[in-house]
Amino acid sequence: MANVVVVGAQWGDEGKGKIVDWLSDRADVVTRFQGGHNAGHTLVVGDKVYKLSLLPSGVVQGKLSVIGNGVVVDPHALLDEIKRVSDQGVVIDPSILILADNATLILALHRDLDGAREAQAGAGKIGTTGRGIGPAYEDKVGRRAIRVADLADPDSLDAKIDRLLAHHTALRKGLDLPELDGAAIKAELVSLAPKILPYAQPVWKVLEEARRRGRRILFEGAQGTLLDIDHGTYPYVTSSNTVSGQASAGTGMGPNSLGYVLGICKAYTTRVGEGPFPTELFDDVGKRIGERGHEFGTVTGRPRRCGWFDAVLVRQAAIVGGISGLALTKLDVLDGFEQLKVCVGYRIGDRALDWFPAGLKDQASVEPIFEYFDGWQETTRGARSWKDLPANAIKYVRRIEELVTRPVALLSTSPERDDTILVRDPFEG
C-alpha cells in the first residue's frame, strides 16, 4: 500500500479539501507539511460544512492528524480553530491532534510586519493574506524564530526574544510601527504554553512509527504548485515550498516514504491576489464561471480570478511536483457552455513556448494559444461513474490527460464527498 501526497497543481483553491477528506476515509494518518492559516479547506460532510485552515482534514473523521514542522503556526489561530471545529461536534484532543515540537510560531509582530509591508507596497503589493506567514518563514530561515518546543523552556525565552527583537525593532521603525515590549511577548508565550504543549511531539518519530506499522499516511499540501517559492510565479507566490518534495522536509519522513503524488486541479483555472494569469477571463464567461463555481477565497473571502484551463501550467506543475496522477475537480461548473477552451502553448511575439517562463517581463507578455472544444448541455453534477458523463465531457477530460501527460485518477462532480468518480485508488500505488 502506498502513502499519498496531495498537492495543488494550479494556484491553490483547487478543491483539495474535498479530495483530502475523501482520501482521509482510506487513510490512518493525515499530516499537513507546509503553509499556515493562510490556506483554507472547505469540507462538506452531509449537512455540515467545515472550514479548516491549520487543522489537517482528517480531524473531521477522527483520524490521527499531524501538523508538521514545515507549517508555521499561529497559536491563537490554532486554538480558535480547535474550539470552532469542536463546537461543531468534532472531538479534538492530544490523542487525535499532534503538533510538531520543532514547528515555527507566528507572533503578533509577524502579522504587523506583513500588513505594514503590503500597505506601503502600493501597486507592487504581492497580495498576501496579511496573517504573518511570510515574516514567520523569514525568521525561521534567519534562525531567530520561536518554536513550539521553546514554550517548554521559559528561561531561554528572554535570549530568544532579544535576538528576535534585534531584527524586528529596526524594521518597525522604518515602517512607523510602535516599539515592541519583550516582556509582554514573553508573558503571552508563557500563557500559551499550557494550551499548546499538550499537542507537541516529535512528528518525525510519530510518522516513522506509523509507517513501520503499515499505516496509510496522507500528506496534505496547502496552496498550489504555481505558488511555490521556487517554482511558482515569483514574486507572486507564497513563502514556502508547495511541491511534493516538501512533504518529506516538512514532516521529517524520508522521500522514499512518500509514495503516490496526487495533483489537484480544477477543470478551469482560478487564482487569488496579484500576479500573471495567461488565460484569465474578463468577460461574462469569466463572471459566469466564478458565480457557478462560488469562487471566493475560503480564508479571505476575496473573489477569485477565473480563466480557461491552462494545460501548459499544469503539465509544468506535474513535472516539478512529481505528480503521478490528477484529481480533476469542478467539472460540473462547465455544464451548459457551448464552447470551451484549453491553453496548449504560449506566444511571446513570434516565439512559441511550451513552458511558462521565469522572468517577470516574459510572464507578463505571454499570450495563450487555445484549443477549442464543443461543450455539453447535459449535467455532470453528481455523476459517480463514466457512464453518467456526456460524451463531450469525457472527450474534454481525455484531452486534458493527453496535454498534461498524467492520467486522471479522481474526477469530482460536486462539493459532496461521494460525488467522485474513482479511476485509480492512489493508496494502491
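How do the residues of the lining of the second largest cavity divide into nonpolar, polar and charged? The answer is four nonpolar, two polar and two charged. (Ala, Val, Leu, Ile, Met, Phe, Trp, Tyr, Cys and Pro count as nonpolar; Asp, Glu, Lys and Arg as charged; the others, Gly among them, as polar.) The lining includes Arg32, His41, Ser53 and Glu220. About 30 Å³ of space lies inside.

This is a predicted model: local features need pLDDT of at least 70, side-chain atom pairs count only at pLDDT 80 or more, and totals for chains, interfaces and linings use all residues. Residues are numbered from 1 along each chain as its sequence is written, and side-chain values use heavy atoms, without hydrogens and water.

A cavity is a set of points on a 1 Å grid over the protein atoms alone where a 1.4 Å probe fits but cannot get out; lining residues have an atom within 4 Å of a point. Points are joined across faces, edges and corners, and a volume is the space filled by probe spheres set on them. Two cavities reach 30 Å³ or more. Helix 2 (75-86) and helix 6 (182-196) each give two or more residues to its lining. Helix 6 supplies the largest share, four residues. Seven lining residues are nonpolar, one is polar and one is charged. (Helices, H or I of at least four residues, and strands, E of at least two, are DSSP runs numbered from the N terminus.)

Ten strands form an open sheet with mixed pairing, in the order 9-7-5-2-10-1-11-15-19-20. (Two strands pair if DSSP finds at least two bridges between them.) Strand 9 (200-201) and strand 20 (420-422) each have a single partner, so one side of each lacks a neighbour in the sheet. Valine 66 stands opposite isoleucine 98 in strand 7.

Last, the rings. The whole structure has five aromatic pairs. (Rings of Phe, Tyr and Trp, its six-membered ring, pair if their centres lie within 6.5 Å; planes under 30 degrees apart are stacked, over 60 edge-to-face, the rest tilted.) Phenylalanine 373 and tyrosine 396 have ring centres 5.6 Å apart and planes at 85°, so they are edge-to-face. Phenylalanine 373 lies in strand 18 (residues 367-374) and tyrosine 396 in helix 12 (residues 391-404), 23 residues apart. Ring pairs link Phe373, Trp376 and Tyr396 into a cluster.

How values were computed:
On a 1 Å grid over the protein atoms alone, a cavity is a set of points where a 1.4 Å probe fits but cannot get out, and a pocket is an open set with protein on both sides within 12 Å along at least five of seven lines; lining residues have an atom within 4 Å of a point.
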